[in-house]
Amino acid sequence: MKGKAFRKFVFFGGKGGTGKTTCAGAYALKMANEGYKALVISTDPAHSLADAFGSSIGPDIVPITHNLWGIEIDAELEAKKYMKSIQDQMLNLVSAVIVEEIKRQLEIAYMSPGAEEAAIFDKFIEIMGLIDNPYDVIVFDTAPTGHTLRLLTLPEILGAWIDHLIDRHMNARQLMKMSARYDKIMKKKLEDDPIVDVLMKRKNKFEFARKILTDGDSCEFIFVLNAEKMPILETERAITILKTFSIPVGGVVVNRVIPSEAGAFFEKRRQTQEEYLEDIDKRFGYLSIVRLPMLETDIQGMEQMETVAKIMGDLDKE
Ligand SMILES: Nc1ncnc2c1ncn2[C@@H]1O[C@H](COP(=O)(O)OP(=O)(O)OP(=O)(O)O)[C@@H](O)[C@H]1O
Ligand SMILES: [Mg+2]
């Protein structure tokens, strides 16, 4: 492939309504057109990937067109499945004596902020980690900024949370031991404790995800924004946060750029935009910058997505 080497995992994020779904879908389509097997994943609770492509996409991976597949992850459903799977894993392993304590621990987990994100993340990891993962590139259409940042920074936060759960669990073990109601499992060493084992496996999984997310050769984050003051400042802040977590940012898409032929009515607005476009070039000049013009209508259906896909090609140019 010419130009910049593409990344295996590409995340599109930004404020609500800026065009993330359109850009993520179009970028995946571009990759598919270039002969790569591409999967586009929507994690936004309000899905619109299906609208963009004019085809139905759901909680299972479906083909959209040649070389392109899509899936819309249902956060609530995944959160339920996620908690149930942890619960089942643990309850199968332990005696009735500590079931209550585990349930309490899981309740805390379920109510802790980010449970839904954790579930989505688990799904990410499942797809990213598929050993025979058939995709050359996986494109994530993510929820608005705050939500996504939480999601991407989860591996760090969850690592700490799991450590906390292990601590709690060890305290519970200690208490039960003192009340002499412990059974065989309590006599085992820490390494043999199935709960600690399950928690450690989860932690390892998140660490695996973190390794991918912080590897500039396999992952990048693209921000979609409009050429306006607040979105520019918000994008800059978000980039700083991602940098703190060592997550590589690869580019920005400036969407809804008013074309010069828009006419007199738009002229003033276009001139203001011109200034913001310059500002964007200055602030983000070290990244790939793509400008997507405002089109006459919404971007819906394959034909329009193909038009946007061509423009997204600029993201991979040097
Ligand atoms: N350049 C453009 N010209 C015309 N319409 C556009 C353009 N970019 C996006 N749109 C339209 O604007 C709407 C919002 O775009 P999109 O769904 O991609 O945004 P989003 O950032 O994913 O929104 P949300 O935060 O709600 O998920 C869609 O109807 C889309 O077709
Ligand atoms: Mg969207």
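Before going on, the basis. This is a predicted model, where local features need pLDDT of at least 70, side-chain atom pairs count only at pLDDT 80 or more, and totals for chains, interfaces and linings use all residues. Residues are numbered from 1 along each chain as its sequence is written, chains are lettered from A and ligands numbered from 1 in the order in which they are written, and side-chain values use heavy atoms, with hydrogens and water left out.

Terms next. Helices (H or I, at least four residues) and strands (E, at least two) are DSSP runs, numbered from the N terminus. Two strands pair if DSSP finds at least two bridges between them.

One pairing in detail: β2 (residues 38-42) and β4 (residues 68-72) run in the parallel sense over five bridges. There, V40 stands opposite G70 in β4.

Now the backbone angles. N67 has a phi near 70°, positive in a residue other than glycine, and sits in the loop between β3 and β4. R256, in strand β7, has a phi near 60°, again a positive value in a residue other than glycine.

Buried or partly exposed (under 20% relative accessible area is buried, over 50% exposed, partly exposed in between; 1.4 Å probe, protein chains only)? N67 is buried at 11%; R256 is partly exposed at 34%.
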